[in-house]
Amino acid sequence: MAMDLSAEVIQLGPIILGLLFVCIIFIVFATAKWKLHPFLSIIAATYLLALGTNLIGKLSGHSAPIIADIGSTITSGFGSIIASIGLVIIFGTIIGKVLEKTGAAIKMAEVVLRLLGDRHPAIAMSIIGWIVSLPVFCDSGYVILSSLKKSLAKRTGVSIVTLSVALSTGLYATHTLVPPTPGPIAAASNVGIGPAGLFWVIVVGIIVSIPVALAGHIWARTAASKLPSTLEEATETFEEYKEKFGKLPSAWAAFGPIIVPIALLAAASIANLPIGTDADGNQQLLASGFAHTLLTFLGAPVNALFIGVLLAIFTLLPKRDEENLTKLMGAGLVDAAIIIMITGAGGALGSVIKATPIADYVKSLVADNTAFIGVGALLLAFVIAAILKTAQGSTTAALIITSTIMFPLMPSLGLMEMMGSVPIGQILTVMAIGAGSMAVSHVNDSYFWVVSQFSGMNLKTAYKAQTMATLVQGITGIIVVCILGAIFL
């Protein structure tokens with residue numbers, strides 16, 4: 001754990017801050033160049049920062065180590081973040097896996113197409129992607145909906161590249177900004193947003209993701225529409241593709257595992273809204289007694305998402321046997337385990353950062369300089385996330401690492417502002433990090449290859465279509481976030 005830091009130790013801030021930058025470069029290099037898994041890269045960088053900090057202190061003449069117990073600091077940081085968010089990530093991932101494998105995602109697409117018809121195929125693909133990626137990873141969502149994209153291009157005569165980019169950017173918008181996708185959930189937890197604030201992360205994430213998805217759609221309709229594709233004309237219709245899933249679930253069953261948890265989160269947040277004080281000066285909430293207890297219980301993120309899992313199991317799985325239940329749950333757990341391990345490693349890194357004098361040093365830097373306060377700090381979070389994303393490819397890793405780095409610095413950077421009971425500063429930080437984690441998707445990102453290969457784009461076309469689209473989305477996202485920051489911070 002960290003000891004009380006003297007003024008002399010705080011003076012070591014510039015050197016230790018430089019060491020942190022070295023650690024970030026190490027994570028990027030180890031992941032991108034050595035192909036080391038992000039989990040191991042982050043843990044190795046955590047030890048490098050901890051040992052380096054104590055060595056700097058020792059060389060500066062301090063007899064006691066700055067970080068008294070490195071092992072305890074790392075394990076407590078790893079364990080605390082998993083304890084707070086682990087089950088939420090698992091449940092969210094399982095819901096997405098069930099929606100993916102049972103045809104529920106196809107049903108969602110079918111509902112949107114029924115509403116829009118074939119008159120606006122590009123906007124339909126953007127909306128379908130935006131909805132489907134709320135619970136389903138964007139890579140999986142793109143593969144699932146690829147047949148629909150081809151069929152729609154054949155029926156309407158719209159460029160396959162246009163529909164490809166419209167779908168990919170719609171998926172990407174909610175994947176990086178809106179829970180229950182695991183990346184934004186982990187980032188929200190890393191910056192200290194508690195269960196009561198998760199609903200507001202969803203609300204603000206939706207607000208930011210709409211113009212971001214629209215920017216991707218506009219890019220698809222303009223620049224991408226002029227680009228060629230080598231994809232052969234679809235030989236399989238969307239109707240034929242649907243038959244592979246057998247009987248599709250109803251619209252209510254398909255949307256229920258997403259809508260019900262979000263509704264429960266909303267109900268809990270509304271129930272806890274303050275409406276004044278009583279005669280004794282105690283705060284009064286909108287709901288009280290049994291109603292408050294019930295809504296708060298049901299609206300806790302882990303409980304709400306578990307209800308979503310139950311809905312997915314009992315309304316979407318036709319047969320709840322070993323093939324349709326145990327193996328499907330196992331596949332969801334495998335996907336969740338990777339994210340949880342990276343999140344835990346990020347928590348360990350954050351714990352070590354908090355045990356160093358970096359936050360105190362940053363506070364002294366910004367005391368007389370407002371450039372990095374509020375909106376400036378949001379831009380800093382965006383830049384760090386964008387560098388990490390572009391360098392190592394993983395959106396989820398960029399979200400987790402950047403949120404870990406930012407959290408100890410946020411009080412000094414003016415990012416802990418509250419708007420009533422809403423932690424608006426922390427939420428906007430998550431949004432800024434999400435926008436940065438979009439820019440840019442290129443050859444070191446698996447999603448880049450999924451989009452290009454399933455759309456018949458060569459490398460040059462994919463750079464112009466997909467990579468540039470994600471850059472446009474990231475820039476749009478941070479502009480929206482900065483506007484909100486200028487209003488609310």
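**Cavities, pocket and aromatic contacts in a predicted model**

The second largest cavity is lined by T93, G96, K97, E100, P135, V136, F137 and D335. The model is predicted: local features need pLDDT of at least 70, side-chain atom pairs count only at pLDDT 80 or more, and totals for chains, interfaces and linings use all residues. Residues are numbered from 1 along each chain as its sequence is written, and side-chain values use heavy atoms, with hydrogens and water left out.

A cavity is a set of points where a 1.4 Å probe fits but cannot get out. A pocket is an open set with protein on both sides within 12 Å along at least five of seven lines. Lining residues have an atom within 4 Å of a point. Grid points are joined across faces, edges and corners, and a volume is the space filled by probe spheres set on the points.

The search of the whole structure finds 2 cavities of 30 Å³ or more. Helix α4 (residues 70-101) gives the most to its lining, with 4 residues. Helices here are DSSP runs (H or I, at least four residues), numbered from the N terminus. By class, this lining has 3 nonpolar, 2 polar and 3 charged residues. Ala, Val, Leu, Ile, Met, Phe, Trp, Tyr, Cys and Pro count as nonpolar; Asp, Glu, Lys and Arg count as charged; the others, Gly among them, count as polar.

The largest cavity has a volume of about 80 Å³. Its lining consists of I95, P135, P180, I185, L198, I202, P257, I258, P261, I262, L265 and L305. Two elements give two or more residues to this lining: α10 (198-221) and α12 (251-271). The largest share, 5 residues, comes from α12. The lining has 12 nonpolar, no polar and no charged residues.

The bond runs from P179 to P180, with omega near 15°. P180 sits in the loop between α8 and α9 (182-190). Buried means under 20% relative accessible area, exposed over 50%, and partly exposed in between (1.4 Å probe, protein chains only). Helix α14 (residues 301-316) has 16 residues. From its first C-alpha to its last it reaches 22 Å, close to the 22 Å expected at 1.5 Å a residue. The expected span is 1.5 Å times one less than the number of residues.

The largest pocket has a volume of about 650 Å³. Of the 26 residues that line the pocket, D139, S394, T395, T396 and S446 are the closest to its centre. Two or more lining residues come from each of α2 (13-32), α7 (138-156), α8 (160-177), α15 (322-355), α17 (375-392), α18 (395-406) and α20 (446-453). The most come from α15, with 4 residues. The pocket lining divides into 9 nonpolar, 11 polar and 6 charged residues.

Aromatic contacts were also examined. Rings of Phe, Tyr and Trp (its six-membered ring) pair if their centres lie within 6.5 Å; planes under 30 degrees apart count as stacked, over 60 as edge-to-face and the rest as tilted. The whole structure has 8 aromatic pairs. Y142 and Y447 form an edge-to-face pair, 6.4 Å centre to centre, with 90° between the planes. Y142 lies in helix α7 and Y447 in helix α20, so the pair ties together parts that are 305 residues apart in sequence. Both residues are buried. The rings of F448 and Y463 have centres 5.6 Å apart and planes at 45°, so this pair is tilted. F448 belongs to helix α20 and Y463 to helix α21 (residues 459-488), so the pair ties together parts 15 residues apart in sequence. F448 is buried, with a relative accessible area of 0%. Y463 counts as partly exposed, at 33% relative accessibility. F26, F29 and W34 form one aromatic cluster.

Two further backbone features lie in loops. A cis peptide bond joins A439 and V440, with omega about 0°. V440 is placed in the loop between α19 (424-436) and α20. K35 has a positive phi of about 60° although it is not a glycine. K35 is found in the loop between α2 and α3 (38-59), and is exposed, with a relative accessible area of 65%.

How values were computed:
1 Å grid on protein atoms, 1.4 Å probe; cavity = no way out; pocket = protein on both sides within 12 Å on 5 of 7 lines; lining within 4 Å.
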